[in-house]
Amino acid sequence: MSDKIETKKVKFKVFRFNADTDYLPKYEDYEMEVTSEEVMLDILNRIKFNHDGSFSYRRSCRHGICGACAMKVNGRSTLACKERMFDLIDLFGDELTIEPLSIKRAVKDLVIDKKDFWDKHNAVNPYVVADIDEEPESENIVSPEEAEQLLDADYCIQCGACHYACPVIEINEEFFGPAAFAAAYRFSADVRDSDDERLKTVNEMGQGVWDCVKCFECAEACPKDVNPIEKITKLHQMAFKEGIAENNVAVRHAVGFEKSMAKRGVLDEGGLVLYSEGLGIVKHIPVALKMFRKGKIPLPWNIPTSENMDEIQKLMKSSSTVKF
Ligand code: SF4
Ligand code: SF4
Ligand code: FES
């Protein structure tokens with residue numbers, strides 16, 4: 001294996017903005033040779049140390065564990081201290097645009113105001129709630145099997161990449177967001193935890209897990225592979241298990257989905273809307289008629305039944321952990 005250091009020329013467009021003095025942001029251009037040994041954070045440091053000392057960004061650990069250096073390169077979220085320059089060049093070529101995680105929250109260059117993120121994190125009681133004996137006679141042991149139930153949610157470093165990639169966060173100020181849900185799951189799945197409120201809090205409509213649109217952006221954005229959407233699904237299941245899933249549109253949508261699959265092995269879109277919305281379906285009639293006419297959804301009597309119903313029912317039985 002060769003240990004020769006290679007170099008490549010890259011054009012950077014770097015987001016610059018000072019909320020105290022600027023009305024609009026601008027992009028500064030830099031052209032540099034980058035080496036096969038460098039990560040994105042080295043380039044940010046070179047811009048600051050060699051070109052413009054006023055350039056601002058957050059960083060602390062340089063080891064991918066503090067979450068401070070999350071940012072976007074060509075629209076993709078990443079940790080600057082973890083992202084190798086040559087990997088970025090392989091992915092995007094030699095023109096890279098560097099931006100903060102959220103342009104509308106930019107305070108100074110790549111530094112953003114994360115208040116909404118931290119407020120939502122705090123709202124889900126992100127700690128083990130337990131009645132601990134101050135002078136215990138034995139350790140409170142968590143077995144490896146019990147620790148595995150956290151599903152790596154404890155790897156979250158609160159970088160905010162998933163939160164600011166989530167489209168619901170941008171349109172619904174109440175929505176807690178994927179990182180808060182991952183934290184809620186992490187502590188609710190902890191065998192030592194006895195918090196009664198957390199699961200109820202993340203089940204409330206508007207702010208809770210039922211307002212997630214399941215776009216998977218959070219899973220894509222996470223640099224630690226926490227997979228927040230998986231934790232959201234787990235919180236749905238916990239809500240059913242604990243009997244706190246309320247009779248609302250989103251919950252009925254999940255139940256209707258399961259019923260449709262159990263009955264025909266295919267999704268009955270019209271039936272699903274009827275089941276979820278009840279009389280509220282009236283408002284969808286004009287759109288439904290258009291969709292019927294264009295053949296986008298079948299008429300109720302034309303909905304097929306899968307030929308593999310036995311197989312589908314077996315799969316549903318083996319994969320379902322909750323009874324609706
Ligand atoms: S899957 Fe849900 S939480 Fe994740 S980004 Fe999409 S809407 Fe947000
Ligand atoms: S879940 Fe991943 S992307 Fe979201 S805050 Fe935690 S580490 Fe960052
Ligand atoms: S500096 Fe800590 S995660 Fe990058």
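The shell around ligand 1 holds eleven nonpolar residues, two charged residues and no polar ones. Here Ala, Val, Leu, Ile, Met, Phe, Trp, Tyr, Cys and Pro count as nonpolar, Asp, Glu, Lys and Arg as charged, and the others, Gly among them, as polar. This is a predicted model, where local features need pLDDT of at least 70, side-chain atom pairs count only at pLDDT 80 or more, and totals for chains, interfaces and linings use all residues. Residues are numbered from 1 along each chain as its sequence is written, chains are lettered from A and ligands numbered from 1 in the order in which they are written, and side-chain values use heavy atoms, leaving out hydrogens and water.

**Around ligand 1**
- Ligand 1 is surrounded by 13 residues (each has a heavy atom within 4 Å of the ligand).
- The closest are Cys166, Cys212, Cys215, Phe216 and Cys218.
- Three helices, α6 (167-171), α9 (217-221) and α10 (228-241), each give at least two residues to this shell.

**The whole protein**
- The protein has 14 helices and seven strands. Helices (H or I, at least four residues) and strands (E, at least two) are DSSP runs, numbered from the N terminus.
- The C-alpha trace spans about 70 × 70 × 50 Å along its principal axes.
- Of the 324 residues, 41% are buried. Buried means under 20% relative accessible area, exposed over 50%, and partly exposed in between, with a 1.4 Å probe and protein chains only.
- Take the contacts (heavy atoms within 4.5 Å) between residues at least 6 apart in sequence: 65% join residues at least 24 apart.

**Glu83**
- Glu83 sits in the loop between β4 (76-79) and α2 (85-92).
- Glu83 counts as buried because its relative accessibility is 11%.
- Its side chain makes a polar contact of 3.1 Å with the side chain of Arg76.

**Two positive phi angles**
- Asn74 is not a glycine, yet its phi is positive, about 50 degrees. Asn74 lies in the loop between β3 (70-73) and β4. Its relative accessible area is 28%, so Asn74 is partly exposed.
- Asp109 is not a glycine either, and its phi is about 55 degrees. Asp109 lies in the loop between β6 (106-108) and β7 (111-112). Its relative accessible area is 2%, so Asp109 is buried.

How values were computed:
A polar contact is a pair of N or O atoms within 3.5 Å; within protein, one must be able to donate a hydrogen and the other to accept it, and residues adjacent in sequence count only if both atoms are side-chain atoms.
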